[in-house]
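Visitor: Hi! Could you walk me through this structure?
Guide: Happy to. Let's bring it up and begin with a pair of helices.

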Amino acid sequence: MFDGHTKRVVCMWFPRFASDRVLRTRSVEAGFALTLSEQNTERLYCLSPQAEALGLHRGMSLADARAFCPSLITQPARPDLDARFLRVLRRWALRYCPWVGLEGPDGLVLDITGSAHLLGGEAALLKDMRARLVRAGISVRLGLGDTRGAAWAYAHFGEDKALSDLPVAALRLEEATVTALQRLGLRTIGDLTRAARAPLARRFGPGLLRRLDQARGDMPEAINPEPEPPHYATRLTLPEPIGLLPDVMAATARLLEPLCCKLKQHEAGARKLVLSVQRVNQGSQQVELRLASAMREAARILPLFERGLATVDAGFGIDVMRLEAVLVEPLPVAQLGAPRAPAQTATASEQLNDLITRIGTRIGLENVQRFLPADSHIPERSFLIAPAAFSTPQGGWACHRPRPLHLFAPEPILARGGTPPSAFRWRGMALRTGRATGPERIAPEWWLEEESWRSGLRDYWVLDTREGRRLWVFFTPQSPGWFVHGEFA
């Protein structure tokens, strides 16, 4: 029980954190290990208990591990996903105390001072922690001490021993320092405590004694919990139910104002907004708005909600509304060239983004696309098609020869010789050549496998027909033949 003076700290260490994260959703009976590339060599990063039982260890090269265990199942490690999952566990650990911090890439530290009695005491708290983590498929070792250093030492080197009996590695020292201390005969923390401090400080620096004092409680060590990420959501409870579209739009405007202020405070912009309306009969409906660019101007966002709100069935009335920005992107404050009045019209780029948003709400943002230049002289590879909402327009459309507006797969036409035909048939139409401009020779890119360019060189011509068609045709000298590849506007 907390007596008002003694500080109590719990350290959670997950010895197989990365592999446990993967195996929680993928059951593997054989040996399993995660690999990570280090200096152009694939090495074992985290192993399952079955893999450790086969004699494999962390840091072992994957080639040697395959030689020992050909049936070993491996998968590339994802440290970014491990860090994200550790933050999820940190939020889960807030059920035990409000002061939870990260302890390296595979541990948590909790200041349970004054909180243990809420769960029946320290023993009951540790039992509950271990049971819940084991049930979730996560192996854990717990350490409880009066200091952060002591709790870490108990979690990594055994909680059934006295602090003075633990090895010097329990002080979170570098491996070279631990080896040097062991050569001097200082193998335990008790040996280090009884040794003279001045020679140790001269030889190893102040870091060694600082870690010793932190573990014993002679020097404070803070636990810094991560700040909670901002939650972008607002809620409005109405005194009387509403159902008319102007009233719902007015309530949405009241929700947008504080939400946009919070976004501006954190220099962020919303890309996806979800408006939930709850009717008096406990029924609910959601209106989703996906924006073409990150926004935080309430005046611009509000009109974009009108089409979605027009489809809401108010029933006997709406009494609760909730607006949440479920997808947020960084949107730093930009320097404006001249002040703009609130009633002034939006810029050209803002108007384009609003138009893309309006069209995207009907057909989907992914279906509103734009062309981007690509570095290739092959006509089919000289451009890219990307969703306009998730790309930015680019310049660099350098074209020394005219290119047709519409390209399609080459379509053969009946003609002979290396000069453009005077008359030919294409798509069931009889066409006559009025003027031929060219040729422009284009060679295939030998470093790419392009099935349609296996015929070799192409000589392109621009044909102006007497019937009004302007076609882009080519001739293949290697295997003589004429093809129509595009049509100009």
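Guide: Helices α9 and α10 are oblique to each other, a word kept for angles that are not under 35 degrees (roughly parallel), over 145 (roughly antiparallel) or 65 to 115 (roughly perpendicular). Helices here are DSSP runs of H or I with at least four residues, strands are runs of E with at least two, and both are numbered from the N terminus. Before we go on: this is a predicted model, where local features need pLDDT of at least 70 and side-chain atom pairs count only at pLDDT 80 or more, while totals for chains, interfaces and linings use all residues. Residues are numbered from 1 along each chain as its sequence is written, and side-chain values use heavy atoms, with hydrogens and water left out.

Visitor: At roughly what angle do the axes of α9 and α10 cross?
Guide: Roughly 125°, and the axes come within 6 Å. The α9 helix covers residues 197-204 and α10 covers 206-216. An axis is a line fitted to C-alpha atoms, for helices over the stretch in contact, and angles run from 0 to 180 degrees between N-to-C directions.

Visitor: Which residues in α9 and α10 meet?
Guide: From α9, Arg197, Leu200, Ala201 and Phe204 meet Pro206, Leu208, Leu209, Leu212 and Asp213 of α10. Contact means heavy atoms within 4.5 Å. By class, this contact has 7 nonpolar, no polar and 2 charged residues. Nonpolar covers Ala, Val, Leu, Ile, Met, Phe, Trp, Tyr, Cys and Pro; charged covers Asp, Glu, Lys and Arg; the others, Gly among them, are polar.

Visitor: And which residues in α10 are buried?
Guide: Leu208, Leu209, Leu212, Asp213, Gln214 and Ala215 are. Buried means under 20% relative accessible area, exposed means over 50%, and partly exposed is in between (1.4 Å probe, protein chains only). What covers these α10 residues includes α6 (148-157), α7 (175-183), α8 (189-194) and α9. After α10 comes glycine 217, with a positive phi near 90°.

Visitor: New topic: strands. Is β1 buried or exposed?
Guide: Strand β1 (residues 9-13) has 5 of its 5 residues buried, so it is largely enclosed by the rest of the structure. Val9, Cys11 and Trp13 point one way, Val10 and Met12 the other.

Visitor: What does β1 pair with?
Guide: β1 pairs in the antiparallel sense with β7 (residues 141-145) over 5 bridges, and with β6 (residues 107-111), also antiparallel, over 5 bridges. Two strands pair if DSSP finds at least two bridges between them. Cysteine 11 stands opposite glycine 143 in β7, and methionine 12 stands opposite leucine 108 in β6.

Visitor: How far is cysteine 260 from the closest cysteine sulfur?
Guide: Its sulfur is 7.2 Å from that of cysteine 261, again too far for a bond. Cysteine 260 counts as buried too, at 6% relative accessibility.

Visitor: What about the sheet with β2 in it? What is the strand order?
Guide: That open sheet of 3 strands runs β3-β2-β4, with mixed pairing. The edge strands, β3 (41-47) and β4 (73-76), each pair on one side only. Strand β2 (residues 32-38) and β3 are antiparallel over 6 bridges, and glutamate 38 has threonine 41 in β3 as its bridge partner.

Visitor: Which loop holds glutamine 39?
Guide: The loop between β2 and β3. Glutamine 39 has a positive phi of about 55° although it is not a glycine, and it is exposed, at 80% relative accessible area. For background, most residues other than glycine have a negative phi, and most peptide bonds are trans.

Visitor: And where is arginine 172 found?
Guide: Arginine 172 is in the loop between α6 and α7. Its phi is positive, near 60°, and arginine 172 is buried, with a relative accessible area of 16%.

Visitor: Last one: which residues does the cis peptide bond join?
Guide: Glycine 438 and proline 439, with omega about 5°. You can find proline 439 in strand β16 (residues 429-442).

Conventions
Disulfide = S-S within 2.5 Å.
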